[in-house]
Amino acid sequence: MKKPSPKQLTVLDSKQVTPNMQRITLHGEALGEFPPECVGSYIKLLFNSTGTTDLNSVAEGQRPVMRTYTIAQFSSAENTIEVDFVRHVTDDLQCGFAARWAMNVQVGETINIVGPGTISDMSTEADWFLLVADMTALPALAAKIRLLPRDATGYAVIKVIEQADAQPIDAPTNVKVIWLTDQESLVDKVESLPWLDGVASVWTACEFDSMRALRHYFRNDKQVPRENIYLSSYWKQGVTEDGHKVIKQQDAKNSQ
């Protein structure tokens, strides 16, 4: 199987921006090739099978282990990107490659990436907007909400680990931003919101089981047109990204 063509980047900065979020700033001349509007797009970080960034140990014909993250900020002038990582430690070493790297990396170290790839924009042909995310998708939601019309109305519901993980969101004045913590159900909160008049445009990215429950709610209970719904699961509890990818593919086939 052909290896992806990697871009090697250097860590310029690493800081803990909230109790459970680590922000890494990466630099490289290859970032000069990125499009100006790449904030909110995704990149894949490349690791070897033991979770380090040395790709020399990846055997010929094998692919590196890839972990997907969102570009939170981009500077074409400085050739830098910022990437946010949820800080967590898991017993399954395969599940925590990127988080462990982000929590321990030192300035000057390098990592290879591929990308960027893009995700679908929200439909703006709507009367109001509903954005839903957990902490893994917070950078993507922050990017999408900035693109809404300034007179937009609706909700942004964001689940974080604890209240101190809330970050400033550049939302239109009439889009109500609602923060939840790990003790609260993302699905229950969304379903409890007053449904506004007119056609809704929905953007949702979160854990797999929550995504499926919300998909049923939007499609079946509220009958939001499919062209007005973006749904993605960014992870599944207890499953590696590779395993999650297989589950997502099967789910996509079954939900047509």
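The side chains of Arg23 and Asp84 come together in a salt bridge, with 2.7 Å from N to O, where a salt bridge is a side-chain nitrogen of Lys or Arg within 4 Å of a carboxyl oxygen of Asp or Glu. The model is a predicted one, in which local features need pLDDT of at least 70 and side-chain atom pairs count only at pLDDT 80 or more, whereas totals for chains, interfaces and linings use all residues. Residues are numbered from 1 along each chain as its sequence is written, and side-chain values use heavy atoms, with hydrogens and water left out.

Both Arg23 and Asp84 are buried, a term that stands for under 20% relative accessible area, with exposed meaning over 50% and partly exposed the range in between (1.4 Å probe, protein chains only). Arg23 counts as buried because its relative accessibility is 16%. A salt bridge also joins the side chains of Arg23 and Glu82, at 4.0 Å from N to O, and this pair again connects strand β2 (residues 21–27) with strand β5 (residues 80–86), the two residues being 59 apart. Glu82, at 24% relative accessibility, counts as partly exposed.

The structure holds 4 salt bridges. One of them is formed by Arg150 and Asp170, whose closest N and O atoms are 3.3 Å apart; Arg150 sits in the loop between α2 (138–145) and β8 (153–159), and Asp170 in the loop between β8 and β9 (174–180), 20 residues apart. Arg150 is partly exposed at 45% relative accessibility, and Asp170 is likewise partly exposed, with a relative accessible area of 41%. Through shared partners, salt bridges join Arg23, Glu82 and Asp84 into one network.

The strands themselves can now be placed. In the order β1-β2-β5-β4-β3-β6, 6 strands close into a barrel with antiparallel pairing, two strands being paired if DSSP finds at least two bridges between them. On average, and with direction ignored, neighbouring strands of this sheet are turned by 45 degrees against each other, where axes are lines fitted to C-alpha atoms, for helices over the stretch in contact, and angles run from 0 to 180 degrees between N-to-C directions. Strand β4 (residues 65–75) is joined to β5 by 4 bridges, and the two run antiparallel; Phe74 stands opposite Ile81 in β5.
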